[in-house]
Amino acid sequence: MAKCAICDKGVKVGIKLSHSHIRTKRTWSPNLQRVKAIVDGSPKRIMVCTRCLRSGKVQRAI
């Protein structure tokens, strides 16, 4: 679900390490925005990460 439509950036899994070294699992989600973009010549709503938006990989539809 949490995946960029352009670069396929998704959820990363790792370990949270407390001060007392108790290790628990946690996830990092990408910063996704729901934008209206031109996909195959027609406007569609897609989930895009902010890195792709900032670098200009997405052509926004108005």
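I began with charge: Lys3, Lys9, Lys12, Arg51, Arg54 and Lys57 gather in a patch of positive charge on the surface. For such a patch I used residues with over 30% relative accessible area and no salt bridge, like charges being joined within 9 Å. A salt bridge is a side-chain nitrogen of Lys or Arg within 4 Å of a carboxyl oxygen of Asp or Glu. Lys and Arg count as positive and Asp and Glu as negative, with His and the chain ends not counted, and a charge is placed at NZ of Lys, CZ of Arg, CG of Asp or CD of Glu. Accessible areas come from the Shrake-Rupley method with a 1.4 Å probe.

I note that this is a predicted model, in which local features need pLDDT of at least 70 and side-chain atom pairs count only at pLDDT 80 or more, while totals for chains, interfaces and linings use all residues. Residues are numbered from 1 along each chain as its sequence is written, and side-chain values use heavy atoms, with hydrogens and water left out.

Arginine 51 counts as exposed because its relative accessibility is 52%, where exposed means over 50%, buried under 20% and partly exposed in between.

Next I went through the fold. I find one helix and four strands, in the order β-β-β-β-α from the N terminus on; helices (H or I, at least four residues) and strands (E, at least two) are DSSP runs. The radius of gyration is 16 Å, whereas a compact globule of 62 residues would have a value near 11 Å, by the rule of 2.2 Å times the number of residues to the power 0.38, taken over C-alpha atoms. The C-alpha trace spans about 55 × 20 × 15 Å along its principal axes, and buried residues make up 23% of the 62 residues.

I then turned to the segment before strand S1 (12–17), where alanine 2 lies. Alanine 2 is buried, at 19% relative accessible area, and its C-alpha atom is 7.5 Å from that of leucine 32, 30 residues apart along the chain. Methionine 1, also in the segment before S1, is exposed at 97%.

Histidine 21 has a phi near 65 degrees and is placed in the loop between S1 and strand S2 (23–28). Aspartate 40, with a positive phi of about 55 degrees, lies in the loop between strand S3 (32–39) and strand S4 (42–49).

Key. Patches are made of residues with over 30% relative accessible area and no salt bridge: like charges are joined within 9 Å, nonpolar side chains (Val, Leu, Ile, Met, Phe, Trp, Tyr) within 5 Å. Buried means under 20% relative accessible area, exposed over 50%, partly exposed in between (1.4 Å probe, protein chains only).
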